[in-house]
Each structure stands twice: as C-alpha cells, then as structure tokens.
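Trainee: Please take a close look at one part of this model, a helix and the sheet beside it. I would like one connected account.

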Amino acid sequence: MIETVYSRAWLRCLRADLPDSLTSPEEVAKCELASFLGKGCFEIKADGSSSEEYSIKESNGFYTISGGKAGVLYGAYTLIFALETGAALPNGSVKPYYPLRMLNSWDNMEGSWERGYAGRSLWFDIGEFCYSEKRIRFLGRMLASAGINVLVINTVNVHYPAQELIRDKLSGLARFAALLRPFNVRLMVSVDFAMPLAAGLTTADPLDKEVIDWWRERARCVWSAVPDLAGFMVKADSEHRPGPNEYNRTHAEGANMLARAIAPYGGKLVWRAFVYNCLQDWRDTATDRANAAYDLYMPLDGAFDENVILQIKHGPFDFQVREPLSPLLLGLKHTYKALEVQLAQEYTGQQIDIYAMPPMWQEIFAQMDAESVSAVSAVSNLGNSEFWTGHPFALLNLYAFGRFAVNPYAEPRAVISEWAFLSCGMDDESTAKLTDLLLASRSVYEKYASQLGLGWMVTPNSHYGVNPWGYEFQSWGTYNRADRNAVGVDRTDSGTGYTSQYPDELRRLYENKASCPDKLLLFFHRLPYDYMMRDGRTLIQRIYDDHFEGCEAAEAMKPVLSSLPLPEPVKEAALRFIEEQIKNAREWRDVINTFFHRLSGIPDARGRRIYD
Ligand code: GCW
C-alpha cells in the first residue's frame, strides 16, 4: 500500500510522530510538551482521576499543568497553542463544556464512506479493520487537540458486515480502541436494531424476552472486549432502517431495551431523532416533513431511560444551508439530548466549495440554551485524502467543532483565525485576510446556492450542484412548490402548522411574514414573486440579486487566495478548488435565475443577463 503523505493539519508546530509506546493521556501530554518546550520547562501533576478538568500556572517561564488524567492532556494542547499563537492562558480551572464531544464517521466497512468527500475510510477496507497505526495515532492527536473525545466508527446505516463489529470483530475493535485511548478518545459503535434477526432469532421485538437476553449477552461480550466503549448509536425506523415501529413498539420502548442492556457498563445509548416518512406522495400538500420529529418525540418526553441520549439534527430537515433551529431541541424538557451537526459538506459544497461553519454554530447556540443539550455530535468530514478533508480549508470545521464542543460560547473569528495561523503559519495580515474570507464563506455559498431558506434545489442523490426541481416530484418530503405566481411552503398556522411547534415568542416571529427573518422567509412562507421585502426590493429581484452577488463574491475569492503566502501544497489545492467553486457558483446563478425568470416572466430590474 502506498502511504499518502498527509497534512499535519493544525499540528504543524508539533513533531510528526509520537513514539508507539505511549499508553496514557498523561504520557502523551509529557511527550508533546517535552518536544515543544524542552524538558525541564514544565511539570505535569495528574491527580489520577478521570476528570477532563485542568489548570495551567506559569512562573518565570516554568509551566505547571494540574488536573485529571485526561485534563492534563487538554491542558498541554491549550498551552502549546497559546504559546504558538500568543493567546492568553486560561485563568483558574477549566474543563470542556460538554462531557460527550462526538465525531460520527459514516464509514462503511468495505472502505467507502457515506457522504464522504475526502477519499476512503481511514480505518476500514474490504470488510475489515485496515489502517496505518501511525495515521490513527496522528488522528488521535488531532481529535484530542481539538477537544473531541468520542469517535463513532461506522455509519448509522449499518449494513453487513458492520453488524459484526459487535460480534466477530471484537478483537479488531479492541485493538483500534487501544490505539486511541492514550488520546482520551473512546469509541462508539452504530448498531443495527434488527441484528437479533441476523443472529438467527425470529424477531427483533424490543419487548421479546429472547431479544432482550440476546442484547444483554452482546453487551457483556462487547464491554468485556472494550471496557471503556462509550456506547451504541442507533438509527431506527428511518430511511428504511429497521426499528421498534415494525413491532408496534414506541421509540422509548426500543431505545430503553438497548439502554438497559448496556447500562451496567456505563454505556450511553444514542438514539437518532432523524425520523420522517421518506415515502411521501409529492401531491400530498398537507404532510410536512419538517413536522415529523417533533410530532413523534414530544409525546415521549420523559419516557427515555437515564442513559439514553436523543440525537437531534440542528434543523427540522437535514443539514440544509439554512434551517431554523429544530423545535424539538427547544421543546423536550425531560430527555437527554445531543445536538447533531454535519461537518461533511453534503449540502454545503462537498468540500469543494469553501464553507466555514463556526458562524452557523454560533447562531445555533445563541438560539438555544447551551445547557439544554448534554452532548454534541458531528458527522465527520475526514477521509484518506492528502489533507484529510479534500479541501484543506474544510479541516477548519473539524477543529472548530471541537472548539465549540469545549466552549459553545466560542467566538467564530477567534477560532477561525487560530486555526488559520496554526495550520498555515502566515504573517498577521495574511492570517486576517484568510480569516475574513473564511468567515464570509457561508454567506457567499448561501447566496448562490440556497437563499431565503429555500433548500433542496440540488442534484438528486449526489446533492452537489444545482437542480431546482430535482427533489420536487420525489418521495422525500422536500418541496419548494414553485409555480408561475409564488414559491415556498406555507408552514404557518394557516399552512402546515409547523410554526406551532415553537415556543410562543419564536412562533410569533416566524408566523408573521413581516417579522420573519429574510434568511428564513421562504422556509416559513409561500410568497408571490412581487412580494415587497423589507429592504424595498421585490422577492424575485432579491432572488436575482443574491445569485449575482453570491457568484461575484465566489469569483472575488480567487485573487485573495492567489495573493496569500499559503504553504504548499495548500496553496496549489486552494487555487485548484476555487476554480471548481466558481464554476459551480456560475451554474447555480444561471440555472436558478433562469428557472425563476421562466416561471415568473419578470425581468431583472438591473438588466443583467439571465438566460431564457
Ligand atoms: O442526509 C441524509 C443522508 C444519508 C444519511 C442520513 C442520516 C446516514 O443523505 O446519507 O444516512 O441523512 O442522517 O441518517
């Protein structure tokens, strides 16, 4: 096998390899600090607890890091990055905000990677574990230095042979877990709800005694192989995956059965709330997919066991460029919740177009009380490509996710600038230029690919590139209902009633088109093309303007990137990818503008070129 030369990511200031012999976070911390600072410049005082808390003290250039076993590792990376970037050291004792900071890898065991945009799996091939230990150790350092502490190693769509991860492949699982343990990264496995059937039972009914016993025995074997496994993740009754509904059982009954099997070992059962009817008839305008998760789970609030965490995507649909916050995140009061975001840029440029996510996460955390969720989870954007993520700038999203998981009140500009400096090592002015470009990249993409909260105008299946009616006559519940007069779905009380799922203040905000934020206007309302927006432009003019402006802004990124002293091969890759992004942006501009021009018959007020 030819070993790809990988980017050192944001760990450029550290040596490329750690010795294979390190077995604990404390040892890793010592080794990283010894090579960065030199021996004799620091002391590590680990108190033996498993706490992730730490403090850093400095006296005449001598640093003392105290804390729990994992805490001192986080302290070491904090110190290294602070010294490297010139940032202030934290005052007093600090610890990561969320105890579970999870990276979900949608890897298949044959090596492909569901919604993967950066090559193939880093640890699976032809149905087996298959990896370079050196590579996985480096991954461990990346995750630990970003603050991520759980790695879900297989996709939630569990197909053969991934079911075997908790049966025949336990020794492989144990070896893999051991490699990441020194970095305070614990594994989690996605399991198939119907696995008892594959094992020869006649049912997977969660209330059946044989099924219950089967899962208990499985849990016993799994945790005896990997005693610190973080838990199981389940996608049930969703997009053709099996689940308790098939046996007329509720999701609480299904989840609790599994949760009880793993509870004796401290395992968490992460149950995904991404459940909707994917076989909808497009003619049915009364059913709204956005309503689905809230309708299903609100009546179950309080019915889940203590070790169940309901994992909820940030919006009611599916990682579109802009969605309102999922009302389920706001509504559930007696259920442990995890917020799910997607680093893999499925609908946000597929790691070709630049799309920095920190501004989005800041908005999400500003809309919900950070304390109302107990974990955060991100679909991974990693693969075996040269820069780990396809576009080298997509790595920012992994780093920044960790930063927000450690501190949901993080400031996007600070995080982006820190990442840019650590990764590219440029002078202050160039770092600021790159930071500005990245900070603006989401709104650039949004303008050409999905303005005013309209999503889903993408090429079916691949989800890259424009196709305004690609999902219009399909069964996925994803419609814009554009006709010659109007566009959008009415989700107010007089429409599908989705707005009623929000607490009063938000419900009123969204219900009324005059107060609904422009960015979500067509998510909540169906409006005629001549609708007058707050800024005095008609809706159709705003659609045209956004597409022209978004495309121009994408074009304007190219000279900025060319002017930056980015290290190679990052620069070469950035210039290569921007060509593709510009091509994509032009296509979006021309197809969407033509689409709405043809439907509405209204010309661009500024007389720019729109194709007929
Ligand atoms: O957006 C959809 C993706 C599926 C994915 C699903 C999910 C893992 O297109 O590939 O399946 O979301 O989140 O379960």
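Mentor: Buried means under 20% relative accessible area, exposed means over 50%, and partly exposed is in between, with a 1.4 Å probe and protein chains only. This is a predicted model, in which local features need pLDDT of at least 70 and side-chain atom pairs count only at pLDDT 80 or more, while totals for chains, interfaces and linings use all residues. Residues are numbered from 1 along each chain as its sequence is written, and side-chain values use heavy atoms, with hydrogens and water left out.

The part is helix H2, residues 69–85. Helices (H or I, at least four residues) and strands (E, at least two) are DSSP runs, numbered from the N terminus. The expected span of a helix is 1.5 Å times one less than its number of residues. Just after H2, Gly86 has a positive phi of about 85°.

Twelve of the 17 residues of H2 are buried, so the helix is mostly covered. An α-helix has 3.6 residues a turn, so residues three or four places apart point the same way.

Next, the sheet. Two strands pair if DSSP finds at least two bridges between them. Three strands form an open sheet with mixed pairing, in the order S1-S3-S2. Its edge strands, each pairing on one side only, are S1 (42–46) and S2 (54–59). From one strand to the next, the twist averages 15°. Axes here are lines fitted to C-alpha atoms, for helices over the stretch in contact, and angles run from 0 to 180 degrees between N-to-C directions. S1 pairs with S3 (residues 62–67) in the parallel sense, over five bridges. Within that pairing, Thr64 in S3 is the bridge partner of Glu43.

Contact means heavy atoms within 4.5 Å. H2 lies across S1, S2 and S3, and runs at about 145° to S3. Helix H1 (residues 25–37) lies across S1 and S3, running at about 170° to S1.
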